[in-house]
Structure formats: C-alpha cells, structure tokens
Amino acid sequence: MYKTPFFQLTATEELVYLLTSIFNTSHDGLYVCDKNGYTLLYNEAFLQISGISMELMNTYSTIELHQMNVVPESCAGEAIKTQRSCSTIIDYYNGKKAIVTATPFFNQDQEILFVVSNVRDITEINRLQQELEETRQVNLAFQKALEQIQNGLENNQQFIYRSKSMHQILSMASRFAKNDSPILLLGESGVGKDVLANYIHEKSERGGDFIKINCGAIPDHLLESELFGYEKGAFTGANARKEGLFELAHGGTIFLDEIGDLPYSLQVKLLNVLQDSKIRRLGGTQTHEINIRIIAATNCDLESLVEQKKFRLDLYYRLNVLSITIPPLRERREDIPALLFFYLKKLAQKYKMEKRIDNDVLEKCMEYEWPGNIRELKNLVERMYHMSENRIISLNELPSFIKNSQRVALQNSETVKYKNNKPLPLKQAIAEFEKEYITNMLSLTSTMQECADTLEVNISTLVRKKRSLGIKFK
Ligand SMILES: Nc1ncnc2c1ncn2[C@@H]1O[C@H](COP(=O)(O)OP(=O)(O)OP(=O)(O)O)[C@@H](O)[C@H]1O
C-alpha cells in the first residue's frame with residue numbers, strides 16, 4: 001500500500017472507516033482468519049461466492065468447515081499448515097467457481113498473525129470461456145464443412161457429410177467398390193442410396209457405364225424386357241432386336257433401385273444372373289456372358305418381405321453379401337448444416353445471389369426430425385431461398401411444421417396401440433398411425449398442398465388417404 005501525506009493527518013477512526021469501506025465494496029471475496037483458522041473478518045462478496053452462512057462462519061474455523069464438508073477445500077488452512085502463500089481454484093458447493101489466494105502475515109517472531117484470503121469469482125469467466133470454446137468448435141465445424149463443399153463443387157462430387165457414421169460408410173463403400181460382389185444398400189427414402197451407388201461405381205474403376213433402373217416404377221410386364229432385352233419377334237411389337245440394361249451395363253454397374261418391388265417371377269431370373277453372369281434375351285436361344293457389378297437398394301424391410309413370401313430368401317442371401325445401411329438424417333445431425341450450406345451455395349451459383357441462413361433457422365433445422373431425409377432438406381432450402389425477400393433466410397421462411405416441430409412421428413411411433421387390452425394387428429396399427437400422423441400434419445400446415453409436399457405425396461394420394469382413413473380435418 002502506498003500512503004500519501006493524508007494518512008499522517010487522518011484520525012484512526014476515519015482510517016478504520018476508510019479501510020472497512022474498501023473491504024466492503026470489494027467485488028472479490030475477502031476473508032481473514034487467525035493462526036488457528038478462526039474467522040476474524042469477511043465481506044459480503046465472500047459470503048455470496050462461497051455460499052457459507054454467517055452462522056457457520058462465525059462459529060467454526062476454516063479447517064473445521066472443510067472437515068465438515070461445508071467447503072471442498074480450505075486454502076487458508078493450507079497456508080497455515082505450510083506457513084506459505086497458497087493459491088487454488090475452488091468449486092464451491094453452490095456452483096460457483098473461484099480462484100482463491102491465501103497469504104499468511106507474520107509477527108517479528110515469525111508466528112502467523114493472520115491469513116488474508118482473496119476469493120475471485122470466475123464462474124462467469126469460466127462460462128464465457130466454455131461458450132467461446134463451443135463457438136470455436138462450431139466455427140471450426142462450419143469451416144470444415146465449407147471446405148468440403150468447396151472441394152465437392154470443384155470435383156463435381158455431391159456427397160456431403162460431416163458425421164462420423166457417414167465417414168465410416170464411405171470408407172466401407174470404397175473398400176467394397178474394389179471387388180465385384182453384389183452390394184445391398186438399405187435406408188429410408190431420401191437418405192442417399194442413389195448417391196452412394198454412384199459413388200461406389202466411381203470408386204470401382206469399372207470402365208463401363210452406371211445404369212440405374214427403378215424396379216418399382218416400371219410395369220411388371222415391361223421390366224423383364226427392359227432388363228434382359230429381346231430378340232426380334234419375341235412378342236407383338238418387338239420389331240427389332242433390343243439389348244437389355246444388363247447388357248448395356250456390361251463392364252460397368254447396374255443399380256437396381258427399389259429391389260423390394262421386383263416381381264417374384266423376375267427374382268429367380270436375377271438370381272441366375274448373379275450366379276452365372278449370363279443373360280438370355282426374351283425370345284432368344286443364346287446366352288450372353290456379362291461382366292456387371294450389381295448394386296441393389298431398398299427402403300423396405302426385405303427380411304419381412306421374405307417372411308411374407310414376397311421376396312425370395314435365396315436372392316436375399318445373394319444380394320446381402322455386402323450390405324450398407326445409411327442412417328436417417330436425424331441420426332446424423334452434424335450433416336445438416338453442411339447440407340444446408342451446400343444446397344444454398346448451389347442455388348447461389350445458379351441464381352447469382354448469395355443468401356445466408358439465420359441462426360434460428362439453423363437451430364430449428366437441427367431439431368427437426370427430417371422424415372424425408374436429404375431429399376426433404378434439399379426441397380426446403382430451395383423453397384426458403386426463393387421465398388426470402390432479402391439475403392437472409394429467416395424464421396419467416398421456415399414452414400410452420402418445422403418451426404413448431406413436435407416430433408410427432410417419433411412420439412407416436414413409440415406408442416404401442418391397444419384395443420380391448422390387446423395390441424392392434426400391424427395393419428390396423430399402421431392405419432391408426434397414418435390417420436394420426438396425417439391429421440397432425442394437416443394441423444401444422446396451412447394448405448392441403450403444403451401438407452402433401454411435406455409428406456412428399458401427391459395431393460390426390462393425400463385426398464384419397466384422407467377419405468379412406470376417415471379424417472375429418474379441413
Ligand atoms: N450426402 C449427400 N450429399 C448431397 N446430397 C445428397 C446426399 N445424399 C443424398 N443427397 C440428395 O438427396 C436426394 C435424395 O437422395 P437419393 O435419391 O440418393 O436417396 P435414396 O435413398 O436413393 O431415396 P429413395 O429410396 O427414395 O430412392 C438427391 O437429390 C440427392 O442428390
């Protein structure tokens with residue numbers, strides 16, 4: 001302490017008053033004890049930070065308070081024991097954190113007169129530091145995501161991810177790509193099975209083409225000729241010979257999407273192709289050797305189709321040699337920001353206008369369940385991009401069902417439904433669920449069209465379902 005001449009003139013009472021005022025107005029906790037640890041003085045800030053009551057303070061020594069577990073440790077007690085200054089960080093039981101420095105003061109015989117402890121509250125600093133660290137981590141993640149997007153755009157590669165699970169899937173896919181065994185891709189609609197099939201083909205270094213066919217989109221009677229081709233005159237209208245997709249994919253990859261919809265009669269034919277690597281065109285007598293890699297995908301539960309005798313067990317085994325299940329987006333939420341930025345960037349390039357997503361929107365998107373997975377996210381970004389009037393996409397552009405996201409599907413899917421104390425049969429439970437889900441979605445959206453878009457069904461399908469399920473809403 002540096003004294004000015006004022007001190008020589010001031011009376012002792014004034015000096016005591018001055019020092020007491022300083023003591024009391026300090027924001028740091030101050031605590032003074034004698035050589036046995038008994039309290040001599042403390043200020044209000046000390047009580048606030050330590051959470052110790054005045055009663056205990058006035059009755060027990062700092063060492064006893066520690067023994068009684070009122071404080072996790074006693075820095076003053078340590079200073080008394082070691083006869084030295086001591087500093088430590090204490091996590092008080094009231095949740096406060098403080099840096100405590102206890103300094104002993106000695107008389108001429110080197111005996112402790114008193115110990116002064118300074119207690120600085122660092123709870124807030126600590127919180128801010130943690131927040132800063134979290135923000136730093138988020139920034140780092142965004143930066144990496146942007147880099148990945150940048151690389152993706154440069155290589156014209158569309159596989160955007162940040163999650164560990166997708167990283168593992170891609171490395172597995174890269175390993176699988178190197179051989180010719182069939183691959184089965186599983187996962188909900190819109191998770192990226194198509195994209196992954198493409199990726200595997202690219203990585204496979206197979207020189208031929210990547211040919212895709214959606215087994216569910218082509219009428220059964222046409223599917224066979226599409227896949228196997230036909231000879232002239234094989235059926236009415238077969239005016240010329242035509243190569244099938246298996247032949248066209250020779251040297252490359254054929255991607256059989258929605259394999260669960262492959263007609264039963266064709267399943268055995270596919271099994272033969274898988275086993276012999278040979279095909280015979282419709283109406284033909286000769287077989288042709290083909291060198292193809294088959295990738296099949298489905299969002300249905302193939303095992304249950306096998307149980308229902310809708311899918312051949314032998315084909316299932318043959319296709320399931322190497323299988324990859326892509327998790328839904330809600331199970332890899334780290335991918336959401338990267339995908340949002342990616343699609344935003346693509347739109348910015350197309351329409352020559354950069355737009356930014358507000359943090360609130362990002363937060364809501366992180367919470368949402370994404371039943372339609374990446375396809376739904378992609379459509380949403382496009383919709384919000386066009387709807388926003390300025391360069392910031394705000395909550396105004398976010399559809400109400402995401403803003404009020406209530407995780408309807410999840411809540412309901414976890415419920416077992418009963419009637420007369422008996423669990424409902426699957427068919428009936430599905431119908432009940434559908435009814436509830438559609439009714440909820442109708443209440444969360446403003447128009448039938450918005451509801452149909454959200455559910456990713458045709459408006460006529462929605463109208464039909466509404467009628468058949470007896471939904472009274474709107
Ligand atoms: N990792 C990804 N990065 C960027 N875009 C993706 C990614 N995964 C999927 N997409 C995009 O999401 C949309 C849906 O993907 P895709 O068609 O591959 O899904 P799917 O699982 O095959 O769906 P379905 O079962 O309905 O056929 C596509 O527009 C695709 O480009």
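1. In α15, residues L339, L340, Y343, L344 and L347 meet I374, L377, K378, V381, E382 and Y385 of α17. Sorted by class, this contact of α15 with α17 holds nine nonpolar residues, two charged residues and no polar ones. The model under discussion is a predicted one.

2. As to geometry, helix α15 spans residues 335-351 and packs against α17 at an angle of about 45°, the two axes lying 9 Å apart. Angles from 65 to 115 degrees would count as roughly perpendicular and those under 35 degrees as roughly parallel; α15 is therefore oblique to α17. The crossing in which α15 passes α17 is right-handed.

3. A second pair is formed by α8 and α9. Helix α8 covers residues 164-177, and its axis comes within 8 Å of that of α9, the two crossing at roughly 50°. This angle makes α8 oblique to α9. Here, too, the handedness can be stated: α8 and α9 cross in a right-handed manner.

4. The residues behind this second contact are A173, S174, F176 and A177 on the α8 side, and L196, Y199, I200, K203 and S204 on the α9 side. By class, the contact of α8 with α9 comprises six nonpolar, two polar and one charged residues.

5. Turning to the ligand, 17 residues surround it, and the closest are I160, S189, G192, K193 and D194. The elements contributing two or more residues to this shell are α9 (193-204) and α17 (373-387).

6. In composition, the shell around the ligand divides into six nonpolar, six polar and five charged residues.

Technical notes:
Residues numbered from 1 in each chain as written. Predicted model: local features only at pLDDT ≥ 70, side-chain atom pairs only at ≥ 80, totals over all residues. Near = placed C-beta within 6 Å. Helix = DSSP H or I, 4+ residues; strand = E, 2+ residues; numbered from the N terminus. Nonpolar A, V, L, I, M, F, W, Y, C, P; charged D, E, K, R; others polar. Axes fitted to C-alpha atoms, helices over the stretch in contact; angles between N-to-C directions. Parallel < 35°, antiparallel > 145°, perpendicular 65-115°, else oblique. Left-handed = near helix turned anticlockwise from the far one by under 90°. Contact = placed C-beta atoms within 7 Å.
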